[in-house]
Amino acid sequence: MATTTAGASGEVLGPLTKRKAWKALEEHYEKVRGLHLRDLFGGDPHRGERLTAEGAGLFLDYSKNRVTDETLRLLIALAEESGLRQRIDAMFRGEKINVTENRAVLHVALRAPKGTSIVVDGEDVVPQVHAVLDKMAAFSNRVRSGEWKGATGKRIRNVINVGIGGSDLGPVMAYEALKHYTERSITFRFVSNVDGTDFAEAVQGLDAAETLFIISSKTFTTLETMTNAHTARDWSLAALGGDQKAVAKHFVAVSTNAKGVAEFGIDTANMFGFWDWVGGRYSMESAIGLSTMLSIGPENYRAMLDGFHQMDEHFRTTPFERNLPVLMGMLGVWYADFFGAETVAVLPYEQYLKRFPAYLQQLTMESNGKHVTLEGSSVNYQTGPIYWGEPGTNGQHSFYQLIHQGTRLIPCDFLAFGQTLNSLGRHHDILMANVFAQTEALAFGKTLEQVKAEKTPDWLAPHRVFEGNRPTNTILAEKLTPEALGKLVALYEHSVFVQGTVWQINSFDQWGVELGKVLAQRIVPELESAEETKLAHDSSTNNLIRRYRATKRA
């Protein structure tokens, strides 16, 4: 059912599918759906130079998309009709645009420079942000220099971040992405899964006397995180003679629950806080990034924040037709809602970004995997495509076959850098040649006539035809630096925001993760009970629980 929704400034927006630009796009789609990129480029020799945009040091080539100038004009018109400008301004002002939780959405405040003012409930939050950053920096310097000592007097040589979701995916991705800049004398590991194997492997070969745990949980009650935290505590104390005071030397917390932190044994002076206007998947540059700062140092961490801020300002101030997040976001709407594309492949041609697609999965799908509008009515259009991907060139030897010759339309984002961090002969030139070759092949393919001109036998020729017309974006930056990583993450954050605005959904709640967690809490005692308990689930779940209990006892 289509709905009407109030925009950020209070104006009433019409139902999405009834808007003038949406209806115009429906008509336009029927005219252009059969156009091939070969023809679009053939009819416009300068298309490859025209359909590009640049902002905050990132270069976007979107010319290999199935769009005309009219398509782009209508997509921008749809963004404007959807109140995107008002919604952007409301977010940056600190208005409570997360309506289902009555919260502001201020990850942009986490990277705002000193002197900036962003007010929430009458209070400027920027000084609070920098106070936490300064506290993180002082602590990081103590650990990195060896000044911080464990309970036995040994310096810290191992740091393990314990968290899940946004408290893990961002820190893991950032650590891998910026490994070139990390302090190599310290080992960094990450525990998220409640599967005991994750913890067991993380501490394998480590000396507890040299190990620091960061427990990252806003509430300090998250089941998976706190289960792992207590296991870490037991592991540490077992190796350190059982002295409870040792906990304070080997554990710090990223949390807002001072009481829970203190009861655990952590000195609240070593508790790093954040705020309810920081969503988990938007928190990697908050105190959740403590492991990142420990690994790359405060200076590099602040450079990353500056990269975030540069993209924030580009998004906030740049006209939509040249605005990178707006262009990428609206192209995503075009493919999801008009072409029926179900997925987006993100393909970084940079080995350090191997965890970037996994990070984007939470950012995009937890944000826009919604089936109701801001006012709670069912949508009648597609939201939230599936994001996935792997680094190039590895993917070329696995799933690219489906992208090139399969029956599904899969828009792709190619990420690449002009300079490598590890110069080894011809490697980088070969890597970049593959970026350009893949986008060319996906766009233009190979016709039956071209295949036959290569003297291919008639029976084999159809198998060697590439239809082409597969859309791609290419995002280029100079080098993978902390600053560049901040820009890339912010680019996708704001692209998600653009899409959520058009789809009239709340990109900043995640009620969909709650039900399974609640049911798990109910099932745990049923699995752990020494006596047979009465089960009141469905017949499948009841049977599986009984089967597990029997296997456990065997």
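The model is predicted, so local features need pLDDT of at least 70 and side-chain atom pairs count only at pLDDT 80 or more, while totals for chains, interfaces and linings use all residues. Residues are numbered from 1 along each chain as its sequence is written, and side-chain values use heavy atoms, with hydrogens and water left out. Helices (H or I, at least four residues) and strands (E, at least two) are DSSP runs numbered from the N terminus.

**The sheet**

- An open sheet of 5 strands has the order β8-β7-β9-β10-β11, with parallel pairing; two strands pair if DSSP finds at least two bridges between them.
- The edge strands, each pairing on one side only, are β8 (187–191) and β11 (271–272).
- Strand β7 (residues 158–162) is joined to the parallel strand β9 (residues 211–216) by 5 bridges, and Asn158 has Thr211 in β9 as its bridge partner.
- Between β9 and β10 there are 4 bridges, again parallel, and Ser216 has Val254 in β10 as its bridge partner.
- β10 pairs with β11 in the parallel sense over 2 bridges, where Ala253 stands opposite Met271 in β11.

**Side chains of β10**

- In a regular strand, side chains alternate between the two faces of the sheet.
- From β10, Phe251 and Ala253 point one way and Val252 and Val254 the other way, and all are buried (under 20% relative accessible area, with a 1.4 Å probe and protein chains only).

**Crossover**

- β10, helix α11 (residues 258–264) and β11 make a right-handed β-α-β unit; right-handed means that, with the strands pointing away from the viewer, the path from the first strand over the helix to the second runs clockwise.

**Pocket and cavities**

- On a 1 Å grid over the protein atoms alone, a cavity is a set of points where a 1.4 Å probe fits but cannot get out, and a pocket is an open set with protein on both sides within 12 Å along at least five of seven lines; lining residues have an atom within 4 Å of a point.
- Grid points are joined across faces, edges and corners, and a volume is the space filled by probe spheres set on the points.
- The largest pocket holds about 1,100 Å³ of space.
- Of its 41 lining residues, the closest to the centre of this pocket are Thr222, Gln510, Val513, Glu514 and Lys517.
- α20 gives the most to the lining of the largest pocket, with 5 residues.
- There are 4 cavities of 30 Å³ or more, and the largest cavity has a volume of about 180 Å³.
- Met328, Gly332, Val344, Tyr387 and Asp413 are the closest to the centre of the largest cavity among the 20 residues that line it.

Note on methods:
Buried < 20%, exposed > 50% of the residue type's maximum accessible area, 1.4 Å probe, protein only.
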